[in-house]
Amino acid sequence: MGKNLIIVESPAKVRTIKKFLGKDYEVEASVGHVRDLPPNKLGVDEEHDFTPEYQVIQGKQSVVSKLKQAAARSDRVFLAPDPDREGEAIAWHVAELIKDKNTNIERIQFNEITPRAVREALEHPRTLDEHLYESQQARRILDRLVGYKLSPLLWKKVKRGISAGRVQSVALKLVVEREKERRAFVPEEYWLFKVQLAPDGQKTDEAAAFEAELAKVRGKKPKIGSAEEAEALEKDSKANPFNVAKVQEKERSRTPPPPFITSTLQQHANQRLGYSAKKTMSTAQRLYEGVDLGTRGAVALITYMRTDSVRISKDAQDAAREYILDAFGKEYYPPKPRHFKTKSGAQDAHEAIRPVDVAITPDSVKDDLPRDQLALYRMIWERFVASQMAAAKFWDTTVSIANGDLEWRAKGERLLFPGFLAVTKAGVSKSQELPKLSESDLLALLKLSKEQKFTQPPPRFTEASLVRELEEKGIGRPSTYAAIISTLLDRDYARLEEKHFAPTDLGSIVSDLLDQHFQELMDVAFTANMEASLDKVAEGGANWVELLKDFTGGFYSTLDEAKENMASVKQGLPTDIICEECGKPMVIKFGKAGQFLACTGYPECRNTKNFYRDEDGNIQVAPEDLEKPEKVGECPKCGSDLVIKKARTGSRFIACTGYPKCDYAQPFSTGVACPKDDCPGELVEKSSRRGKVFYACNQYPKCDYAVWDWPVPEPCPQCDSKILVRKTTKARGEHLACPVKSCRYTRELEGEEEGV
């Protein structure tokens, strides 16, 4: 009698599952997808119901051969990729490849990799879900059709090598439209007023002083728009007494937020830990699949991390209750278990993201986990425990103060009971303590301050706010957000400036051209409705072929019109900059190394310039590097000299002197290997759009490691950092320091060779 075969996605899962399954089971990994559409052609038969042409992914032949051999010697095969559409597609393709070796194939799925969950799944196998697979297939074909049809059009009209995508292009439009709003914004002046007051009899007692803000002017919200108005209001305020008009006191409860779903995990990890969406998901994947906890071996720490449901199982609730009662006491547990409502339209197949075992606290694994994994696990663990705890209670005091035609308002907040805040240790505002006040009390004015302000344009998106916007508008799915964001950065459609997305000129022109000629495709509502239609296919309520026919009916005709009518910008985008060498206008062109200014007199005039855009979107020519470029080698592409150049924002790069005939370029390397585990990259010099130089891994976006100071290939003697950095401060001058914020190691540079 042969063994039973379980096929999962990753080798990490193999190690975790093998630990608790007996000798009757063999566990193998597909290592992700095994089949896909061909990489070098459309691979979809549009004339015959969009039949896909699948093939084994290059490099996966040995994996497929191993899976076939294992299936041939097994009695039963259990397909156990991740419990979602993508996992169902992987299972489906594996089944198609091994069915000639074994037909006894079943699908199992589990939300957490624990002995109980895996054994329960083995006891309740099911057949492959055709509807779920067809939904994934329809999405894949949709994206292939849009990408393969639109991208060549952009190559012809804008620049070769760029791409368009059904979802990525709509996300780009959000970034571009936000930038347009910012540039069109006209700031308005306003003034903020605050007063420092004290009970009249206690005006010399600092402890009795408190602060109030202007709340109303003649019964309306204050709107002071000039210095003259501000001075007049200040004069009126000082001419009238301050009296307590009303004192309102009440107890307020604050309930905990629900446990994380994919989108909220990405948002909070970006806000609190500075993680990109891609890093958050890759780190969570490792926590889900299993990490080595020393003597305990491979242990899965969290449940499946691609979910938009806030539901949790009764077993998890019971475990949380026991932990909370034991660690905090019965007053920290609510009268009944907490249940959170999942938003309408969400897929409720999986639980929220939570720890597999709440008894495995972050502190108990802090010596076994890398810093990034520990930080994310701590965040997930704290959020889950807090979600099951009692509400925090506050005592709120609001004092309304009459002052002639003005009304001032002072607020005080006092924490009565921390509840769930005992775990999160966040969210408690440092509110002032108000003295005991009663209606009609006379108050003494200790200080009046006024401050001129200007309204601000809508902020650029951060990764967190862009994810929130995508989720709210129904664009894409939580599992796709990280890929969407990475694509915008990879294609140079947008750049991160101080953690905010700024569209490049390339991104703006691509977005505008697509929006002009493909209005339906670029419409947010249309994209959201397509997601809903794909959900219907997954539920068996719609036919995937009909969905594709409906889409392509309008898309193909629009594409034909665009081929004829879309304007070409390959000759460059016009600017007001005049070439100082020949007097002809300069245009923005898009090269391999980025965008630049080029003279329209080419080839007679070969003048080019780097540039940047200021806060108002105006083009500013970057200062020229007057030093003679340093020769560093020979161009591997054309044999000309390679020299060190400076980008418009200040960082160095290596480029061919044969430009523009030869566009070979590469980043300026520091020669220091990336300190991240298992990363083959090295740190190269880069600069932000505002001209601040930093050093980042050349494997970005696969690796997002970066430091602000020149890296030194020397491990820190006090922590596990593999590098130090060269810093310069007023107090210490130039010295070596550890780049890890929590480590304070430094060393003087006396007698050491100076770095680059």
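The legends below describe several close-up views of one predicted model.

Residues are numbered from 1 along each chain as its sequence is written, and side-chain values use heavy atoms, with hydrogens and water left out. Because the model is predicted, local features need pLDDT of at least 70 and side-chain atom pairs count only at pLDDT 80 or more, while totals for chains, interfaces and linings use all residues.

**View 1. The domains of the protein chain.**
The domain assignment gives domain 1 (4-128), domain 2 (138-185 + 459-565), domain 3 (189-255 + 392-454), domain 4 (273-388) and domain 5 (573-621). These bounds come from an automatic or database domain assignment. Between the C-alpha centres of domain 1 and domain 5 the distance is 53 Å.

**View 2. Helix H6 and the elements around it.**
Helices (H or I, at least four residues) and strands (E, at least two) are DSSP runs, numbered from the N terminus. Helix H6 covers residues 168-184. Its 17 residues should span 24 Å at 1.5 Å a residue, and the end C-alpha atoms are 25 Å apart, which agrees. The expected span is 1.5 Å times one less than the number of residues in the helix. Buried residues of H6 include Val170, Leu172, Leu174, Val175 and Val176, and also Lys173, Arg178 and Glu179. Here buried means under 20% relative accessible area, exposed over 50%, and partly exposed in between (1.4 Å probe, protein chains only). The buried residues of H6 pack against helix H13 (463-473), helix H14 (481-490), strand E18 (500-503), helix H15 (505-517) and helix H16 (524-539). Such packing is counted by contact, meaning heavy atoms within 4.5 Å.

**View 3. Helix H15.**
H15 has 13 residues and reaches 18 Å from its first C-alpha to its last, close to the 18 Å expected at 1.5 Å a residue. Of the 13 residues, 10 are buried, so H15 is largely enclosed by the rest of the structure. Among the buried residues are Asp505, Leu506, Ile509, Val510, Leu513, Leu514 and His517.

**View 4. Leu154 and its contacts.**
Leu154 is found in helix H5 (residues 130-157). Its relative accessibility is 0%, so Leu154 counts as buried. Not counting residues up to four places away in sequence, Leu154 touches Lys159, Ile162, Ser163, Ala164, Tyr493, Val510 and Leu514. Val510 and Leu514 are also among the buried residues of H15. Leu154 and Lys563 are 409 residues apart in sequence, and their C-alpha atoms are 9.7 Å apart in space.

Lining residues have an atom within 4 Å of a point. Grid points are joined across faces, edges and corners, and a volume is the space filled by probe spheres set on the points. The second largest pocket holds about 580 Å³ of space. It is lined by 25 residues, and the closest to its centre are Lys570, Lys589, Phe590, Phe596 and Tyr659. Strand E20 (585-591) and strand E21 (594-599) are the elements that give two or more residues to this lining. E20 provides the largest share, 5 residues. The lining divides into 12 nonpolar, 6 polar and 7 charged residues. Ala, Val, Leu, Ile, Met, Phe, Trp, Tyr, Cys and Pro count as nonpolar, Asp, Glu, Lys and Arg as charged, and the others, Gly among them, as polar. Domain 2 and domain 5 both give residues to the lining, so the pocket lies between them.

**View 5. The largest cavity.**
The structure holds 1 cavity of 30 Å³ or more. The largest cavity has a volume of about 60 Å³. Its lining includes Ser276, Lys278, Glu463, Ile485, Leu489, Tyr700 and Asp704. Helix H9 (277-289) and H14 are the elements that give two or more residues, and H14 gives the largest share, 4 residues. Domain 2 and domain 4 each supply at least three residues to the lining.

A cis peptide bond, with omega about 10 degrees, joins Tyr602 and Pro603. Pro603 lies in the loop between E21 and strand E22 (608-609). Lys499, although not a glycine, has a positive phi of about 70 degrees. Lys499 sits in the loop between strand E17 (494-497) and E18, and counts as exposed at 59% relative accessibility.

How values were computed
1 Å grid on protein atoms, 1.4 Å probe; cavity = no way out; pocket = protein on both sides within 12 Å on 5 of 7 lines; lining within 4 Å.
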